[in-house]
Amino acid sequence: MSNEYIPFLSQIKEVQKHTEIEYSFRMSYVGDVQPGQFFEVSIPKFGEAPISVSGIGEGDVELTIRKVGKVTNEIFENRVGQSLFMRGPYGNGFSLDLYRGKELIIVAGGTGVSPVKGVIDYFGEHREEVKSLSVIAGFKSPGDILFKDSIKRWEKQMNLTVTVDHADDPGWKTGLVTAYIPEIPIENLKDAAAIVVGPPVMMKFSVAELLKRGIKEEQIWISQERKMCCGLGKCGHCKMDDTYICLDGPVFNYTKGKKLFD
Amino acid sequence: MGTLLQRETADALLERLLETYRVYAPKVFPMEGCFSDTDSIRYGEIQGWDEIVWDKKSDYSFKEVLLPISQTILYFTEDEMKVPKEEEKGNLILVRSCDLHSVRRLDEIYLKNGAEDYYYKRKRENTRFILMGCPESFDSCICVSMGTNKSTDYDAYLKMDKQGVYLECQDEELGKILKAFQGKETELPVEYVTKNPVQTEIPEDLPEGIQNHAMWKEYAGRCIGCGRCNFVCPTCTCFTMQDIFYKDNDRAGERRRVWASCQVDGYTDIAGNISFRQDQGQRMRFKVLHKVYDYKKRFGYHMCVGCGRCEDVCPEYISYLACLQKLGRAAKEGQDNE
């Protein structure tokens, strides 16, 4: 009888600092994994925290962690050369096949960039697999911007808009992500596919803007962030209506996602 | 066909059962009730047949035998992790029909919804259920409406009075044990309730947007979010993972899962100070719809088994039965509007 609750040890290979409270950890991992899936990361005696996969490499996964609680504070104390415990991956994640050959639009806000970053990375490297690639990433302020190194690369690979809510420096694009959705070039509406990830309010208004552009509900995918405590469909914290986000999600086509209520 | 045992023989049988099993039944915990000078009736291990409480409903269900309130998942010592051993003795639990039906709900979540749960499974495989008949309904029971008043998949059926103990075994292992004791072969029908004081119709279809219906607002001001309704419910299964270290040696500790309540603050909190259902009325709606609506949408049958314990325990006298009736009216309104 297998025991899903026993974590495995994973080496921290590299730590990348984005902001004072947000770091990416490159963790050793060999096995199947999709962007948008998550791991339960833990430090014995401190606890577990669900963390989305923000990147996939050869023999490793990247986890972007925000220092907000007991477990994540402790994780920040462990650095390169040390290790963490993990179990997973859990959830469905993004299926890249759905977006191949499409005019792909990705709208992400704040830490919401993390679960979709693997998709951006992949199609940035394999531009020929999508007709076009437009990404809008929004952050609170220039100091809150994540994945600055990746952004530099993305600028060359795709139609990228990085916007911040407020900035003292006039060099930044400002305003909410929704303000830039009308500017996205779409050649043929029927080839469009959109992914929206971020805080609940941001997702609601971004989807509304995309629908205004004529994109259909079935062409939009969202990722729902909820409290994932066990990751195994048991603990109940992530349930919305009849759906366990940890099992059936977190990624949903909007036709299903819009019906879910907390 | 069952066996009617003289009381002395029955006592010997229990002694024999206690060699193999821990026997759990509703029993009286004197002066441990919620209010002063009241008893608590809940599950505990019994050593004698007379400890079993027949004339009252147990305030809490049997679920804590299968799902302890706080259960150690892993022990940590420096770099090592250890899974706690399971007790060698099996469990024999005396339950009424509603509670026996709730076992199917627990199995659904812990064995079928996603991966099998290691800790639940190993205990469950070692557990047998003895059905206690219900000659009549208690006040807040709605087992007839929920279709849980009758049970056929018990491991054994027990009926007793001062003179004797009647036992009918369907489980092979229990049957073998019973065979060694001399009694009178006889057939007694399983006692079950055919009518509850309150009849409740569970609406089959709920109108879209029921989660925003005005009926839930009432509970926002009344419910104090104590979570007792969840803890007495035989079908509530939520837990939270929790790590601790020992005060006298912080190099060692454990990972546990502890019961959680969807009515209590913190249940949905995620990073970034985001939480869902901050309003107590919405939490009540979440719970009630889970019991009689969305669980069925997912698994094909209602979660609620109609034991009425949530109705009995609420310190604010919030009536679950009244809530179901309101839900029924809301469903009718919905149909009329269509």
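Predicted model: local features only at pLDDT ≥ 70, side-chain atom pairs only at ≥ 80, totals over all residues.
Me: How wide an arc around the axis do the buried residues of helix 4 of chain A cover?
Reply: The buried residues of this helix are Met202(A), Met203(A), Ser206(A), Val207(A), Glu209(A) and Leu210(A). They lie on the same side of helix 4 of chain A, because the arc that they cover is only 160 degrees.

Me: Which elements of chain A do the buried residues of helix 4 pack against, and which exposed residues are on the face turned away?
Reply: On the buried side, the packing partners in chain A are strand 7 (103–109), strand 11 (192–197), strand 12 (220–223) and helix 6 (254–257). The face of helix 4 of chain A turned away from that side carries the exposed residues Pro200(A), Val201(A), Ala208(A) and Lys212(A).

Me: Why is strand 6 of chain A largely enclosed by the rest of the structure, and which residue of this strand is the bridge partner of Phe38(A)?
Reply: Strand 6 of chain A (residues 83–90) is largely enclosed because 7 of its 8 residues are buried. Strand 1 (residues 8–17) of chain A runs antiparallel to strand 6 and is joined to it by 4 bridges, with Phe8(A) partnered by Met86(A). Strand 3 (residues 38–43) of chain A also pairs with strand 6 in the antiparallel sense, over 4 bridges, and there the bridge partner of Phe38(A) is Tyr90(A).

Me: Which strand of chain A gives the largest share of the side of domain 1 that touches domain 2?
Reply: Chain A is divided into domain 1 (8–90) and domain 2 (96–223), and 12 residues of domain 1 are in contact with 14 residues of domain 2. Strand 4 (47–57) and strand 5 (60–66) of chain A each supply at least two residues of the domain 1 side. The largest share, 5 residues, comes from strand 4 of chain A.

Me: Which element of chain B gives the most to the side that touches chain A?
Reply: The contact takes 38 residues from chain B and 32 residues from chain A. Among the elements that give two or more residues to the chain B side are helix 3 (97–112) and helix 9 (280–299) of chain B. The most, 7 residues, is given by strand 11 of chain B.

How values were computed: Residues numbered from 1 in each chain as written. Chains lettered and ligands numbered in written order. Contact = placed C-beta atoms within 7 Å. Buried ≥ 20, exposed ≤ 12 C-beta atoms within 10 Å, placed from the backbone. Pairing = 2+ DSSP bridges. Arc of directions from axis to C-beta. Domains from an automatic or database assignment.
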